Amino acid sequence: MKKKKSFTIMLATLMACTLTLSACGGNKDNSASSGGSSEKPVELIWYTIGAPQKDTDLVIAEVNKYTKEKINATVKMKMIDYGDYSQKMQVMAASGEPMDILFTSSWAFDYVQNARKGAFTPIDDLLTKEGKGITETLDSAFLEGSKVDGKNYGVPANKELPALEAWRFNKELLEKYNLDISEVKSLESVEPLLKTIKENEPNVTPFAISKDYMPLMPFDYLIEKMPMAVKLDTTDYKVVNLLETPELKASLATMHKYYKAGYVSPEAATTTSTDDLMKTGKWLMDRASTQPLADNQWSASYGYPVVSTPAGDSIVFNWSVMGSMQAISANSKYPEKAMEFLNLLNTDKYLRNLLDSGIEKVHYEKIGENMMKNLPDSKNYDIPTFSIGNVLLTYLNEGDPENKWDEFKTFNDAGKNAPLLGFNFDTSKITNEIAAVQNVKEEFWSSLMTGTVDPDVYLPKALEKLKAAGLDKIMAEAQTQVDAWVATKK
Amino acid sequence: MSKRNPKEKDIHRLRGSWNVVFNLIAGIFAFLCVFPFLFVVIISFTDEGALARDGYKLIPSQWSLEGYRYVFQNGEALLNSYFVTISVTVVGTLISLFITALYAYAISRKSFKYRNFFAFLAFFTMLFNGGLVPTYIVVTQLLGLKDTFWALVLPLALNAFYIMILRTFYTTSVPDALIEAGKIDGAGEFRIFLKVVLPLSLPGLATIGLFSTLGYWNDWFNALLYIDNPNLVPLQSMLMRIETSMQFILQNSQNSSLSLGAMQNMPQDTARMAMVVIATGPIIFAYPFFQRYFIQGLTIGAVKE
């Protein structure tokens, strides 16, 4: 009997302990939230993408000195590495973790999907009040293209707007065989070059591709790397199945021809990267997405000259507009302050460069009015420039041409809008079909696109399987949504 | 063995030919297990250029220490992660052993009235759990562990499966009579537990200890969820970050800013392999330490009187 009683007492004590503990936890939260009274500066919690850096706290302390004075707010920046970002943010958003500003994009922590889920605050009103500077500096296509169901949820970073694919060439080989790339544009046009190299340089892979390769097609995809698409020059907005188009058939036949001729690596359908070829320089050409002055960056990073020529037109796609954005969390307590901060970040040269390159004379030094040089300590603060805001405000790096940002402006102006710019496919009704089609797609996509298998044999098979998985239903749903969207536009 | 009469037949022995066959099978299997790791070690010592040129070779044309040099040059973060992993493993294993042993002992004693209730409580968590987001909310908001050392230790501290193992171990290999004997000699509950039960259960504790050591050493998911502070990132999580980020960047190569911006920061193949070697190395030494008890643990209780 005695034992029983002592047990009860112990249990009671334990319960009491737990209660106090949890109460303590609760209290801490409350005190933190009440800390943001009117006179005290507001602390904004900011999650952004990139490998965490050693000197982040140092730089942020400097940032806070400035922002406290300017807008009476401080920030707490937390960086999450590329590979973890989506997963971690998904959990944090779902659990209501306190945060104010967060990075989002078409490729990490999916912007459209999370905007629809209600993870972000709509910023249309904020933009007109606190965010005037942003609307003034940004190309209007950025804000227009990043609308989800008619509302803006994120501030796009001012950077290259359209997407442009280019053929890249190993310049040393071009010069050795005196090859001319001025006539190169289509996939078919490169054949003579590939042939020359194949015949003369047995150790060189003429056309470097990996399993992610697919021929450049004049289509705007409803979902990237899925077969539902609209032609770029469409007038009737008809959703077509890419695999049934004559354009793709022709390209695949060409790829298969190249494969049989040995222009591409026999392992193309399974290799994940062409990194090894780039390192050794044993390649003639490949295709990559480009931006102004990309040639210089490639050459510098590979250690030998690389030149490129456009492989298509520069087009403003949804995903290129949403390439990098900062959104305000739906549970932010200070959306106005957050917008004030984003506004400052996108318009204030001092703040933008402080966040991008670190502290002057510690991480970098200025070697001209608008040019800087990294100091050895810059390795302790190296964050992806494009991810946090207006790129055009950042200082030029040593060796960059003076007119770099002008070239970006010209590049942006040259981009044509894709037909579906501003349209976002809502897949909530057809999630099962999408998943099924995705699975089927995995089976054959790489081997077809790299030309490893004969399209005459495998394309019909693939089509049949995709249809069995429900592709037609997806296409019908897509068509309904596109039609409804086109109707609202007129 | 040599003193034994050669003609006397040892019934435990296999015939010579079978012995060879079984040894061969075991040997091949062991080799298959060790080989990939051996290969990783070789690659980590290969010259980067040779690797790009010839691919993975068992005997590379050119050896190099470049991978390790790279790792140790940027070594501050690595050493820091090492330190985090080791502290988490040591502290975690101790805590885990401590509470698992206590819990399991309590529910193994027949005189404990609520043993079935507590056994069920533990068992229940093996079948059902709250899922990712509720767990996250409990850890970060209720317990306030986000970005702390304890977020790496506490979520793994108590495992229902280990409790079950240890309880079974107590009930089968610590006879009730011994506990009673202790009581008759005037020992209290704590003394009985410390002086009688624990020494007898060393093999069981070592097994659990090994499991949780490995669990802590290899854990990266808790760090992924709860840790933002770069100074608190354990080794496995750091490796995982490097790998997943690289893959991620490769898959998103159509985004020109991303691929151009991140291109310079990618570590080379050999450096990654060197990191794997460095991360796996120390834990190998944990095995022999535990193995002594481990074998005992497997044989003890195999035959009951």
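Four salt bridges are counted between chain B and chain A, a salt bridge being a side-chain nitrogen of Lys or Arg within 4 Å of a carboxyl oxygen of Asp or Glu. This is a predicted model, in which local features need pLDDT of at least 70, side-chain atom pairs count only at pLDDT 80 or more, and totals for chains, interfaces and linings use all residues. Residues are numbered from 1 along each chain as its sequence is written, chains are lettered from A in the order in which they are written, and side-chain values use heavy atoms, without hydrogens and water.

**Interface of chain B and chain A**

- E97(A) and K146(B) meet through their side chains in a salt bridge, at 3.4 Å from N to O.
- On the side of chain B that touches chain A, the elements giving two or more residues are α2 (48-54), α6 (132-142), α12 (221-226), α13 (235-251) and α14 (256-262).
- In chain B, 46 residues are in contact (heavy atoms within 4.5 Å) with 49 residues of chain A.
- About 4,000 Å² is buried between the two chains, and carbon and sulfur atoms give 56% of that area; buried area is the accessible area (1.4 Å probe) that two parts lose on being put together, summed over both.

**Nonpolar patch on chain B**

- F120(B), F123(B), F124(B), M126(B), L127(B), F128(B) and F161(B) form a nonpolar patch on the surface, with about 710 Å² of accessible area together.
- Such patches join nonpolar side chains (Val, Leu, Ile, Met, Phe, Trp, Tyr) within 5 Å, from residues with over 30% relative accessible area and no salt bridge; accessible areas come from the Shrake-Rupley method with a 1.4 Å probe, and for residues only the protein chains shown count as cover.
- Helix α5 (residues 115-127) of chain B gives the most to this patch, with five residues; helices are DSSP runs (H or I) of at least four residues, numbered from the N terminus.
- M126(B), in helix α5 of chain B, is partly exposed at 38% relative accessible area, that is, between buried (under 20%) and exposed (over 50%).

Note on methods. Patches are made of residues with over 30% relative accessible area and no salt bridge: like charges are joined within 9 Å, nonpolar side chains (Val, Leu, Ile, Met, Phe, Trp, Tyr) within 5 Å. Buried means under 20% relative accessible area, exposed over 50%, partly exposed in between (1.4 Å probe, protein chains only).
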